[in-house]
Every structure is written in C-alpha cells, then in structure tokens.
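Please look over the sequence and the model shown here before reading the report.

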Amino acid sequence: AKEGSCSPEGDLPSPVKQERAKAETLPDLNAKILYEDWDDIQPSSALEEISEEEAVQIIAEPLLPLQSSTLRDYVDHSETLAKLVHLGVDLSQVEKRQKAGQLLLTLDFEKDIRKILLFLKDVGVEDNQLGPFLTKNPYILAEDLEALETRVAYLKSKKFGKAEIAQMVSRAPYLLLFSAERLDNRLGFFKNELGLTVKKTKDLVIRLPRLLTGKLEPVKENLQVCQTELGFQRNEIQQIVFKTPKILTASKKRLKQTFDYLHNVMGIPHHMLTRFPQVFNSKLLRIKERHMFLTFLGRAQYDPAQPSYISLDQLVSVPDEVFCTEIAKASIQDFEKFLKTL
C-alpha cells in the first residue's frame with residue numbers, strides 16, 4: 001500500500017473499530033506451542049465464529065457478516081483487511097492459524113499495522129516479501145514496536161550484520177516474537193552443546209535461523225542419536241552439524257535408516273560420513289538406486305585410496321544425466337532399464 005493511499009481510521013467500518021478487545025482475542029504468545037517453526041506448522045483451526053455474547057457488544061452494520069468461516073467475507077467491510085490483501089497477505093492461510101483471523105479484525109492499519117510494516121522494511125524484509133511474511137506470521141502485528149526494536153538491537157549487539165539479520169528474519173518469520181533473553185539462551189545452548197566458537201555459532205544460526213525458534217527436544221534427541229546409536233565422536237558431530245545444520249532437525253527415523261544403509265550396506269566409515277554429511281539430506285531411495293546401479297556395473301568404489309573412487313558428494317548431488325555419463329560411465333537409458341528390474 002502506498003503512503004498516500006491509506007485511509008484514516010474514521011473510514012473504517014465501526015464494527016471493526018469496536019472489536020478491539022485485544023486482551024481477549026490475541027493468542028498467548030508465551031505459550032509453549034508458540035508456532036515454533038513456521039515451516040512445520042500444521043493449520044490449527046479456521047477463524048472461530050464470533051460468539052453471541054461478542055455479537056451483542058458489536059453495533060453491527062447490516063452487511064457485516066458477524067458469523068463467518070472465512071476472513072474473505074470481511075474484506076469489503078474492512079479497510080485494514082483490504083490493504084493487507086493488497087500487500088499480498090493470503091487470508092485463506094492466515095485464518096488457519098490460531099486466532100489470527102480475530103487478531104486482524106482488531107487492528108487498524110494506520111495505528112497498528114503501518115509502523116510494523118515500516119519496521120520490517122527497515123530490518124530488511126523486501127517489499128514483495130511483506131505479504132508472504134505476514135501470511136506466515138500475522139502475530140507480529142500485535143507486538144510492541146519497542147520490544148521488536150530491542151530484539152533487533154540484541155542481534156546487532158552480538159555482531160550480526162544488517163544483511164544477516166534480514167536473512168534470518170525472512171527465513172524464520174517467528175524469530176522476532178521471542179525476547180532477547182530467549183535468543184541469548186538459544187545461542188548459548190548451541191555454542192555450549194556443540195562446543196562451537198562464537199563465530200561458528202553465529203554462522204550456524206544464520207544458515208538455519210529456525211534453530212532459534214524451534215523446540216530444543218528434537219535437537220537434543222538427534223544429538224543423542226548421533227552419539228549413542230550411530231557412534232559418532234563429539235568432534236565428528238560438531239563437524240557434521242556445522243556443515244549440515246538440518247541434521248539437528250531431521251527425522252530421527254530417516255537419520256538412522258540413511259546411516260544404516262551408508263555404513264552397514266555400502267561400508268562407508270564414520271570419518272567419510274563426517275567429511276560428506278550432506279549425504280544425510282539426500283533421499284534414501286536415490287542413494288539406494290545409484291549404489292545398486294554402480295554395484296551392478298562393478299563401479300561402487302567409495303575408498304579415496306582407490307583410483308576409481310567416487311565421493312559421496314558426487315554420488316548424491318548431481319542430476320541423473322551427469323551421474324550416468326560421468327560417474328557410472330553408462331547411458332541414462334541403461335540406468336532407467338536397470339531401475340525397472342528392481
């Protein structure tokens with residue numbers, strides 16, 4: 001929305017202004033379920049219907065739908081919603097988030113939303129990303145501006161650069177809902193648990209900022225699995241996590257299945273897996289298909305001391321055409337024919 005095109009609060013339908021009982025309608029942003037990682041969030045509920053008690057307190061215009069299962073029904077009656085839609089906010093996604101629909105109906109664009117948009121732009125969220133950002137995290141519109149600025153100031157005090165902060169906020173939109181104390185505790189956890197330097201800890205969370213917003217239990221469990229079940233040494237785990245942070249949030253089952261195949265079937269030793277941990281991000285089916293094809297051709301050689309050595313990185317990262325011609329020394333047709341025999 002352009003600066004000059006925004007209407008004053010007086011132009012908003014009165015029911016929208018009078019629905020501003022924020023204390024009753026805002027989600028508890030300190031709750032344990034605080035939308036730990038928006039990439040993994042399942043829609044919690046559709047926009048809840050307005051109760052009869054709430055309806056009585058609203059001086060409703062005849063056309064304003066007091067009970068509705070979709071925010072779209074309110075757009076024609078709300079300047080705020082209309083402007084958010086114009087920004088690119090997807091109301092059909094917002095209303096799946098707990099109480100987010102009710103929240104938007106309590107806000108005024110000029111008083112509440114404009115200052116947050118300017119703040120986000122100042123942090124480094126691009127104009128064309130404001131809509132997608134608010135779709136993922138509408139709750140930031142209810143945050144105190146001073147608190148948000150304090151959190152950014154904390155990150156700056158830890159020597160995160162402006163571009164790095166912009167990247168982190170854009171990739172983990174819930175990041176700024178958390179206090180400086182929580183962010184500090186999280187950085188401390190990863191530094192101490194992994195034995196990383198301050199610089200490496202920063203690099204880790206810059207590459208995977210949802211580590212600062214997600215639950216710690218899965219991270220602790222994965223670290224335990226790597227050490228006790230997969231048999232990696234602490235210094236190996238440190239290297240693996242630093243190279244491939246996603247291992248900290250990967251499915252334990254998938255992690256164990258992939259390791260079992262690489263180590264026990266393909267015979268890859270721990271030190272080689274430590275050197276190429278990105279293999280754990282690959283689909284197990286792709287690893288199996290390619291390994292079996294190479295075995296069939298007599299080319300499954302993963303020992304770097306041998307002349308026909310194939311690195312794990314080469315094995316999983318290149319497209320099928322390159323894998324066939326450069327690694328397997330075969331045609332894509334041969335590979336496809338082989339896969340049909342499996």
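## Basis of the report

The model is predicted: local features need pLDDT of at least 70, side-chain atom pairs count only at pLDDT 80 or more, and totals for chains, interfaces and linings use all residues. Residues are numbered from 1 along each chain as its sequence is written, and side-chain values use heavy atoms, with hydrogens and water left out.

## The whole chain

The chain has 20 helices and zero strands. Helices (H or I, at least four residues) and strands (E, at least two) are DSSP runs, numbered from the N terminus. Of the 342 residues in the chain, 45% are buried. Buried means under 20% relative accessible area, exposed means over 50%, and partly exposed lies in between (1.4 Å probe, protein chains only).

A contact means heavy atoms within 4.5 Å. Among contacts between residues at least 6 apart in sequence, 73% join residues at least 24 apart.

## Helix 4 and its buried side

Helix 4 covers residues 79-87, and its buried residues are Thr-80, Leu-81, Lys-83, Leu-84 and Leu-87. These residues lie on the same side of helix 4 because they cover an arc of only 160° around the axis. The arc is that of the directions from the helix axis to the C-beta atoms.

The buried residues of helix 4 pack against helix 5 (91-94), helix 6 (100-106), helix 7 (109-123) and helix 8 (130-136). Just after helix 4, Gly-88 has a positive phi of about 110°.

## Two pairs of packed helices

Two packed helices are described by the angle between their axes and the distance between the axes. Axes are lines fitted to C-alpha atoms, for helices over the stretch in contact, and angles run from 0 to 180 degrees between N-to-C directions. Angles under 35 degrees count as roughly parallel, over 145 as roughly antiparallel, 65 to 115 as roughly perpendicular and the rest as oblique. A crossing is right-handed if the near helix is turned clockwise from the far one by less than a right angle, and left-handed if anticlockwise. Ala, Val, Leu, Ile, Met, Phe, Trp, Tyr, Cys and Pro count as nonpolar, Asp, Glu, Lys and Arg as charged, and the others, Gly among them, as polar.

Helix 13 (residues 217-229) packs with helix 15 (residues 252-265) at an angle of about 25°, and their axes are 10 Å apart. Glu-221, Asn-222, Val-225, Cys-226 and Glu-229 of helix 13 make the contact with Lys-252, Leu-255 and Lys-256 of helix 15. By class, these residues are three nonpolar, one polar and four charged. The axes of helix 11 (residues 180-194) and helix 12 (residues 198-207) come within 10 Å and cross at roughly 120°, which makes helix 11 oblique to helix 12. Helix 11 passes helix 12 in a right-handed crossing. Leu-187, Phe-190, Lys-191 and Leu-194 in helix 11 meet Val-198, Thr-201, Leu-204 and Val-205 in helix 12. This contact has six nonpolar, one polar and one charged residues.

## Two lysines in loops

Most residues other than glycine have a negative phi. Lys-159 has a positive phi, near 70°. Lys-159 is in the loop between helix 9 (145-157) and helix 10 (162-171) and is exposed, with a relative accessible area of 63%.

Lys-329 also has a positive phi, near 55°. Lys-329 sits in the loop between helix 19 (320-328) and helix 20 (332-341), and its relative accessible area of 54% makes it exposed.
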